[in-house]
Number of protein chains: 2
Amino acid sequence: MNPYEYTQLHADRFKEQLKDLLRIPSVSTLPQHKPDVERAAAWLIDDMLRIGFHRAEAIPTAGHPIVYGEWLGAGPNAPTVLVYGHYDVQPAEMADGWDTDPFTPVERDGKIYARGAIDSKSNVMAQLKAAEALLATGGAPVNIKLLFEGEEESDSANLAAFVAAHRDRLQADVVVICDGSMADLQQPDMGYSLRGVVSLEVTVYGPQRDLHSGHFGGTVHNPIHALADIIAALHNPDGSVAVPGFYDDVLPLDADERAELAQALPYVEAEWRDVAAAPAQWGEPGYNLHERIGARPTLEVNGIAGGWAGEGFKTVLPAKAWAKISCRLVPNQTSQRTFERVRDYIQQIAPPTVRVDVQLVSIGEPLLIDRHHPMVEAAMRAYERTWGKRPHYVRAGGSVPVSVDLQRELGKPLVLMAFGYKGCGAHGPNEHVYLDLWYRGIETMLQFYAEISEPDR
Amino acid sequence: MNPYEYTQLHADRFKEQLKDLLRIPSVSTLPQHKPDVERAAAWLIDDMLRIGFHRAEAIPTAGHPIVYGEWLGAGPNAPTVLVYGHYDVQPAEMADGWDTDPFTPVERDGKIYARGAIDSKSNVMAQLKAAEALLATGGAPVNIKLLFEGEEESDSANLAAFVAAHRDRLQADVVVICDGSMADLQQPDMGYSLRGVVSLEVTVYGPQRDLHSGHFGGTVHNPIHALADIIAALHNPDGSVAVPGFYDDVLPLDADERAELAQALPYVEAEWRDVAAAPAQWGEPGYNLHERIGARPTLEVNGIAGGWAGEGFKTVLPAKAWAKISCRLVPNQTSQRTFERVRDYIQQIAPPTVRVDVQLVSIGEPLLIDRHHPMVEAAMRAYERTWGKRPHYVRAGGSVPVSVDLQRELGKPLVLMAFGYKGCGAHGPNEHVYLDLWYRGIETMLQFYAEISEPDR
């Protein structure tokens, strides 16, 4: 039996295993879910050992454990592949608009609905099940190292240090970053860049305590008003970011790259219409939708709060208001410099009637890969064999902060391979995965391993 | 024994009764507290009957019950006083910054801390205990009608209709509105105006669902940004409201009134420094602090929300963001007209990249009383006898929406008498009442009843 046949034969069991993993609410940003994150790590270790990995362990960190497993049976002359993925997920509550409980996977119309379905437990499971299919049918043609992080959705605080401390163990000929999505279900993408992300929190302090808006309204600068003024001043009316110097370090696109990116544009636009479905497009002038998402930096307020915004009405003039802001970065911007520019600008425009505090929350640098590297070419062929179409080059809008650390620490080529679809609601309610896409992901990994072990097949 | 002596003798029991009432979380805006509001009504009825009222009942409404009690033993030739108060309270949670549970009254340093302590259960209890002191010592020199509402903190939705339907029963020679605060503990105020309040909710809708800010950031107009732009456009940089026509209907102050209001200004300023303690004063140019609070209209955002603003970070581009806004109105503005102006302006500035919905939540008209009316003069003397100082004229910043209804429906003089202190945290955490102030309130009512029954004493 070959690994493709094995995968077909065990498709239902693979799917049930995916559901088992989705049932574990491994939310890395919420302290109360720490035991669940650990449970998810243990689940992965168990499966690695069951399918025949030589080594599998959960490595404790100051935060959540790193799951590492390896099978080196292909021998020292075969290529070695290090695959990165993450098993932690974003928070999710019914109140966010879920139709069913986010941690009770529901299968409907060829999809599984659950938090983490697309971001990124299906990717993690595609890697694990591709490895199983190979090991159960005579062994893999490459050495496989799987590195699954439990803190991608918080800030990957401990992975960079781990990678730096274990360069030898993690050494490989190619590093596959398996986390991300494509814009179309039938047309694969080959991402070659990821945006960085720097997040910060702005808090505006006004009166020393919440006040009655009747007794004090009109005499105290309402922190919500001051915060709104600050947020309003972060963008120009045309949609560009107004922070001085924000775009200074951005590597411009050349004509060749713009032409290649244009191939994927119709898919990016179609997906935007289906998923975002906002009243109108918006963004930085002079760039198309694909370029805005992947090749230009942005600044978004991800959350805002102040006063009483729940049920009923409370005529309060609040003591403070705050916003959580993140900037997506592109080469050659840096998190620290961008944070400083945003912070300095906010402090500069902050009025003297309030006190404004700006705190850095997390950083992550942007990534750019040589899109014509032989390892990327091998991945292109693997997709083409599975999907029947050569992938489009894309610049992804999301962030995998650790990819830059892996690139820097290991000094080896990176390839971005991911089997998600952008319309699957990552980070939002009713997140789901298409099972067809997931099975193709497993097959693509099998093809990739074949391509790099027999380049001339 | 005279009623003053009776009050002294029973001071401790009066205080324990106040605490009993404060233990009942009669939050009118939250449906889950409906039974508590009813319990508070029943508690008041019981006490009215116990002290000898001829009639006391909780009148059901479409919302919370109205408590009405009367003692008409002074006979048809004596003046009749109708007193309005409210027994419902604002929401309160430890998370808002309370040092102790808001519904477990704590006595410390001559104060009682609890939600409703100052707004307005101490006022309600001052009225009830003044009546008790008179009835227990030979009867009152006036007929007393007590009308306590259970919906003042929501929107007094049912009181106006009740008053219109029971004009005969509520008929009186003077109507005392007992809800509000003074700016200094030693210097009484005589309020003669109240601001109206109109509240509304603005919701900005963007993409059809919450989006991943990496996958879509930079291509969709973030509803939080659009809402911030709208809020920023509601005020001019100088602190005045930017809504076209907002000030058009405002009755200007004349020189006499400004001079009288200036007497209280140092107290208003001192209280602002103690309680608000914001980094700097703020507000409409050309008016002092007292005038801004009482004689000028304002627009405040009382709450804002959108995206993820809780613990941790969620890089979401939210489907919507919303704000709760209220305007405080002064004579001769109207709620409806002001709402329309704000709504029309917001819709006019709303960008085409989002959809903006503006809903009216509640209305309440401003009040102005002839500050030289004999009934107001009687109240001035009552305060002077108790405090040893003639009150300062003040225009209050707060709102008692029903006062306008009572003025219109009953056609009788209104007097604003209240025994709160502005520094007591109404609507905020650690709300409290000074017991000294509260006992003086009881005495002032006894003096007022004496003044209007024997004007020449």
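Helices here are DSSP runs of H or I with at least four residues, and strands are E runs of at least two, numbered from the N terminus. Axes are lines fitted to C-alpha atoms, for helices over the stretch in contact, with angles from 0 to 180 degrees between N-to-C directions.

This is a predicted model, where local features need pLDDT of at least 70, side-chain atom pairs count only at pLDDT 80 or more, and totals for chains, interfaces and linings use all residues. Residues are numbered from 1 along each chain as its sequence is written, and chains are lettered from A in the order in which they are written.

**Exercise 1.** Work out how helix 4 and helix 14 of chain A cross.

*Solution.* Start with the axes: those of helix 4 (residues 117–135) and helix 14 (residues 435–453) of chain A come within 9 Å and cross at roughly 50°. Next, classify the angle: under 35 degrees is roughly parallel, over 145 roughly antiparallel, 65 to 115 roughly perpendicular and the rest oblique, so helix 4 of chain A is oblique to helix 14 of chain A. Finally, list some partners: in contact (C-beta atoms, placed from the backbone, within 7 Å) are residues including A126(A) and A130(A) of helix 4, which meet a set including G441(A) and M445(A) of helix 14.

**Exercise 2.** Which residues does A379(B) contact, leaving aside its neighbours within four places in sequence?

*Solution.* Look beyond those neighbours, and you find M190(B), V415(B), M417(B) and F448(B).

**Exercise 3.** How many residues of chain A are in contact with chain B?

*Solution.* On chain A there are 87, in contact with 85 residues of chain B. Then find the largest share of chain A's side: strand 12 (residues 298–307) of chain A gives 9 residues.

Notes: Two residues are in contact if their C-beta atoms, placed from the backbone, lie within 7 Å.
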